[in-house]
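This briefing goes through one model by topic. Please look at the sequence and the structure first.

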Amino acid sequence: MGGVTGVTGVTPWRASPSLRANGVHAHARIAARADGRGGTALPVLDGDGPLALRRTRAHGGEARVLLVGAMSGPLGGDHFTVEAEVGQGARLYLGSAAATIALPGQTKHEAHYDVRLDVADGGELYWLPEQLISAAGSDLRVTTRAQLAPGARLVLREEQVLGRVGEVPGRLTSRLTVRIADTTVLDQELSCGPGAPGGWDGPAVLGGMRAVGQLIVVRPEFAQERPEARLLGDGAALMPLAGPAVLVSAVAPDALALRRRLDEALTVLS
């Protein structure tokens, strides 16, 4: 994320008509820095198109930012990118104000939603967006990459709901990669919905459930005292990863049950 110039505040929608005709390309950039007084400053807070950013009330030394959707989407052909960089000693909570709904667009092109997270030594990031809902007829590829220094901390939650109430899902492909220093501790991909490889809704993957989620927790102290692998009630499992990281995977019949299972897992890890 080097080379991002600092702009404090929210930038209005800048998408041109030509971009909109072929899908909207939107970018959100956040940089968090320790302010030297025990708090966290946000020298970069820049969002355009549907990715508006709002700073909310700080919590102790933690800065808090919400992504506020300014329009529907992503639609077919759209490409959204969120980049967050947390410097040494800074703490950032980054969430969203509402669920994201992937919808079919006027074009048949695949939509993309990319998330790039970078956390320095002594930095701490909570990436806790609301659910992503794959509506019928949509086609979305989500790519999340987290790059952490050895002394960084991360809590990352992903929640995906296959279809709205009473409808079949769209096509959804999600790839999640976490690297600590030069080591890849997690690199997984899940594809669901029409056209996905067979078996995605079978007993070995979702087992007929409509909601799936992951929780990644990275803490330096896990290198000395790593939580043991175990089941966390019905539909959730905790698995230690290489290095100071833990993965919780969960499936559930709906979004509320999925959130409950992931919240309970975070409580166990606290």
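This is a predicted model: local features need pLDDT of at least 70, side-chain atom pairs count only at pLDDT 80 or more; totals for chains, interfaces and linings use all residues.

**A buried loop residue**

Gln131 has a relative accessible area of 13%, under the 20% limit, and is therefore buried.

- Gln131 sits in the loop that runs between strand S9 (124–128) and strand S10 (132–134).
- Apart from neighbours within four places in sequence, Gln131 is in contact with Ala99, Thr100, Glu159, Val161, Ala255 and Arg259.

**Confidence**

- The mean pLDDT of the protein chain is 88, and 91% of the residues score at least 70.
- Among the elements of the protein chain, S9 has the highest mean pLDDT (98), while helix H1 (residues 17–21) has the lowest (43).
- Residues 1–20 have a pLDDT below 50; this stretch has 40 contacts in the model beyond near neighbours in sequence.

**Strand S18 and its partners**

- Strand S18 (residues 245–252) is largely enclosed by the rest of the structure, because seven of its eight residues are buried.
- Strand S15 (residues 211–218) pairs with S18 through eight bridges in the antiparallel sense, and Gln214 stands opposite Ser249 in S18.
- Strand S17 (residues 236–240) is also antiparallel to S18, with five bridges joining the two; here Ala237 has Ser249 of S18 as its bridge partner.
- S17 and S18 form a hairpin with four residues between the strands, in which Gly243 takes a positive phi near 80°.

**The seven-stranded sheet**

- Seven strands make up an open sheet with mixed pairing, in the order S2-S1-S5-S8-S11-S13-S14.
- Strand S2 (40–47) and S14 are the edge strands, each pairing on one side only.
- From one strand to the next, the twist averages 5°.
- Strand S1 (residues 25–34) pairs with S2 over six bridges in the antiparallel sense, and Arg29 stands opposite Asp46 in S2.

- Ala181 is not a glycine, yet has a positive phi of about 55°.
- Most residues other than glycine have a negative phi.
- Ala181 belongs to the loop between strand S13 (171–180) and strand S14 (183–192).
- With 29% relative accessibility, Ala181 counts as partly exposed.

**Salt bridges**

- The structure holds 16 salt bridges.
- One of them joins the side chains of Arg33 and Glu85, at 3.5 Å from N to O.
- Arg33 is in strand S1 and Glu85 in strand S5 (residues 79–86), so this pair ties together parts that are 52 residues apart in sequence.
- Arg33, at 32% relative accessibility, counts as partly exposed, and Glu85 counts as partly exposed at 22%.
- In another salt bridge, the closest N and O atoms of Glu110 and Arg141 are 3.6 Å apart.
- That pair links distant parts of the chain, 31 residues apart: Glu110 lies in the loop between strand S7 (100–102) and strand S8 (111–119), and Arg141 lies in strand S11 (residues 139–148).
- Glu110 counts as partly exposed at 26% relative accessibility, and Arg141 counts as partly exposed at 26%.
- Glu167 and Arg164 form a salt bridge whose closest N and O atoms are 3.0 Å apart; Arg164 is partly exposed, with a relative accessible area of 36%.

Key:
Residues are numbered from 1 along each chain as its sequence is written. Side-chain values use heavy atoms; hydrogens and water are left out. Buried means under 20% relative accessible area, exposed over 50%, partly exposed in between (1.4 Å probe, protein chains only). Two strands pair if DSSP finds at least two bridges between them. Axes are lines fitted to C-alpha atoms, for helices over the stretch in contact, and angles run from 0 to 180 degrees between N-to-C directions. Contact means heavy atoms within 4.5 Å. pLDDT is the predictor's confidence in each residue, from 0 to 100. A salt bridge is a side-chain nitrogen of Lys or Arg within 4 Å of a carboxyl oxygen of Asp or Glu.
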